[in-house]
Amino acid sequence: SLICMENNFDNQAAIQKLRDLTKDIRFCMFNTIKEHKIESKPMTTLDVDQSGNVWFFTDRNNDITENKTERNAVLLNYADLQNSTYISISGTVIEVIDAERKEELWNPLFKAWFPNGKEDPNLMMIKVITEEASYWDGNSSKIVTLFSMVKAAITGEQPETGTHGKLDLD
């Protein structure tokens with residue numbers, strides 16, 4: 001059996017841990033539900049903000065805006081194979097209209113997808129409000145560790161190959 005240490009984080013420590021884990025992984029699989037089927041699309045993460053929410057640009061006419069459940073529930077999956085780090089974030093997606101934030105997140109490389117730049121009428125800014133996140137972060141491929149944004153006290157023992165933790169963003 002695997003032995004791992006559980007590290008629990010509260011509030012800003014939890015958010016910072018999430019930001020640290022995702023900062024070097026540019027792409028995620030953005031999963032939505034349509035007619036009881038899970039649909040996935042690779043997306044470029046623009047930012048994980050100070051509240052732990054994840055930001056994206058997308059095309060207004062793509063499946064993401066159409067394939068949401070009534071709650072607009074989504075699941076984001078990240079993988080960093082080199083560092084054996086895997087992250088799963090579940091939350092609710094909303095559209096955000098904020099010219100200043102759009103300017104802050106814009107990169108000229110995005111013109112490949114949005115030829116009219118920041119003013120492209122098909123450019124849509126969305127935010128996933130993080131409700132729960134899990135991560136597996138190990139020093140070897142043999143250890144699996146869990147990181148979840150739920151309230152819990154610190155328990156467990158120090159492992160040799162990885163850590164397990166929980167986050168509370170409230």
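The entries below follow the order in which I looked things up.

**Ground rules**

I am working with a predicted model, where local features need pLDDT of at least 70, side-chain atom pairs count only at pLDDT 80 or more, and totals for chains, interfaces and linings use all residues. Residues are numbered from 1 along each chain as its sequence is written, and side-chain values use heavy atoms, with hydrogens and water left out.

**Confidence**

I checked pLDDT, the predictor's confidence in each residue from 0 to 100. The protein chain averages 76, and 68% of the residues score at least 70. Helices (H or I, at least four residues) and strands (E, at least two) are DSSP runs numbered from the N terminus.

**The cores**

Next I looked for nonpolar cores, meaning sets of buried Ala, Val, Leu, Ile, Met, Phe, Trp, Tyr and Cys residues joined through side-chain atoms within 4.5 Å. Buried is under 20% relative accessible area, exposed is over 50%, and partly exposed is in between (1.4 Å probe, protein chains only).

Which residues have the most contacts inside the largest core? They are Phe30, Phe56, Leu76 and Tyr78, in a core of 20 residues. Helix H1 (11–22) and strands S2 (27–34), S5 (54–59), S6 (73–80), S7 (85–95) and S8 (123–138) each put in at least two residues. S8 gives the largest share, five residues.

Apart from this core lies another, of 10 residues, including Phe57, Trp106, Phe114 and Leu123.

I then listed the contacts of leucine 76, setting aside neighbours within four places in sequence. Among them are Phe30, Phe56, Ile87 and Val128.

**Ring pairs**

How many aromatic pairs does a search of the whole structure find? I got four. Rings of Phe, Tyr and Trp (its six-membered ring) pair if their centres lie within 6.5 Å; planes under 30 degrees apart are stacked, over 60 edge-to-face, and the rest tilted.

Phenylalanine 30 and phenylalanine 56 make an edge-to-face pair, 5.3 Å centre to centre with 85° between the planes. Phenylalanine 30 is in S2 and phenylalanine 56 in S5, so this pair ties together parts that are 26 residues apart in sequence. Both of these phenylalanines are buried.

Phenylalanine 57 and tryptophan 106 have ring centres 5.9 Å apart and planes at 55°, so I put this pair down as tilted. Phenylalanine 57 is in S5 and tryptophan 106 in the loop between H3 and S8, 49 residues apart. Phenylalanine 57 is buried at 9% relative accessibility, and tryptophan 106 is buried at 14%. Ring pairs link Phe57, Trp106 and Phe110 into a cluster.

I also found arginine 101 over the face of tryptophan 55, 4.4 Å from the ring centre. To count, NZ of Lys or CZ of Arg must be within 6 Å of the ring centre and within 35 degrees of the ring normal.

Strands pair if DSSP finds at least two bridges between them. S6 and S7 run antiparallel and are joined by eight bridges. Their hairpin has four residues between the strands, and serine 84 there takes a positive phi near 50°.

Tyrosine 78 stands opposite isoleucine 87 in S7. Is isoleucine 87 buried or exposed? At 2% relative accessibility, isoleucine 87 is buried. Isoleucine 87 is 69 residues from leucine 18 in sequence, yet their C-alpha atoms are 8.9 Å apart. Beyond neighbours within four places, isoleucine 87 contacts residues including Leu18, Leu21, Leu76 and Tyr135.

Last, I looked at the loop between S2 and strand S3 (37–44), which holds glutamate 35. Glutamate 35 has a positive phi of about 50° although it is not a glycine, and is exposed at 68% relative accessible area. Histidine 36 is in the loop between S2 and S3 as well. Histidine 36 has a positive phi of about 65° and counts as exposed at 83%.

How values were computed. Contact means heavy atoms within 4.5 Å.
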